[in-house]
Amino acid sequence: MKPSNTAAAIAARRAQTKAKVDRVATAIGRLRRDRGRVTVRAIVQRADVSATFLYENADTWARVQNAVTDSRTRRDAAGRAERDHLAAPGGELGVRG
């Protein structure tokens, strides 16, 4: 391959990677906004990328892991708040007076 062809191929590959990274960021944002469950599978499907792409791209993988962890933490907190509300006096499961 000629050096000019190599440079063009590298530039195309970088552009494809940037487009995929952007789609992953958009997918994460939409899942959060839609209050969807943020999982690797959901991100892969919404961003139309492969799981392998996520695993092989360290920055993107870190972003995905942070989003999944944050989503799980928020979901767990919401579940605890709901249980606490239901178990509180006057709550649906609490003692009514």
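A: Among contacts in the protein chain (heavy atoms within 4.5 Å) between residues at least 6 apart in sequence, 46% join residues at least 24 apart. This is a predicted model, in which local features need pLDDT of at least 70 and side-chain atom pairs count only at pLDDT 80 or more, while totals for chains, interfaces and linings use all residues. Numbering starts from 1 along each chain as its sequence is written, and side-chain values use heavy atoms, without hydrogens and water.

The elements run α-α-α-α from the N terminus on, giving 4 helices and 0 strands; both kinds are DSSP runs numbered from the N terminus, with at least four residues of H or I for a helix and at least two of E for a strand. Of the 97 residues, 22% count as buried (buried is under 20% relative accessible area, exposed over 50%, partly exposed in between, with a 1.4 Å probe and protein chains only).

As a general background, nonpolar side chains tend to be buried together in soluble globular proteins.

Leaving out residues up to four places away in sequence, V24 touches I43, A47, V49, F53, L54, T60 and V64. V24 is also one of the buried residues of helix 1, along with A27, I28 and L31. Helix 1 covers residues 3–33 and reaches 45 Å from its first C-alpha to its last, close to the 45 Å expected (1.5 Å times one less than the number of residues). N57 is buried at 17% relative accessible area and, beyond its neighbours within four places in sequence, is in contact with T17 and V21.

Charged pairs complete the view. The whole structure has 3 salt bridges, each a side-chain nitrogen of Lys or Arg within 4 Å of a carboxyl oxygen of Asp or Glu. R32 pairs with D70, with the closest N and O atoms 3.8 Å apart; R32 lies in helix 1 and D70 in helix 4, so the pair ties together parts that are 38 residues apart in sequence. D34 and R46 meet at 3.2 Å, N to O; D34 sits in the loop between helix 1 and helix 2 and R46 in helix 2, so this pair ties together parts 12 residues apart in sequence. K18 and D22 come to 2.8 Å, and they are separated by about one helical turn because they are 4 residues apart in helix 1.
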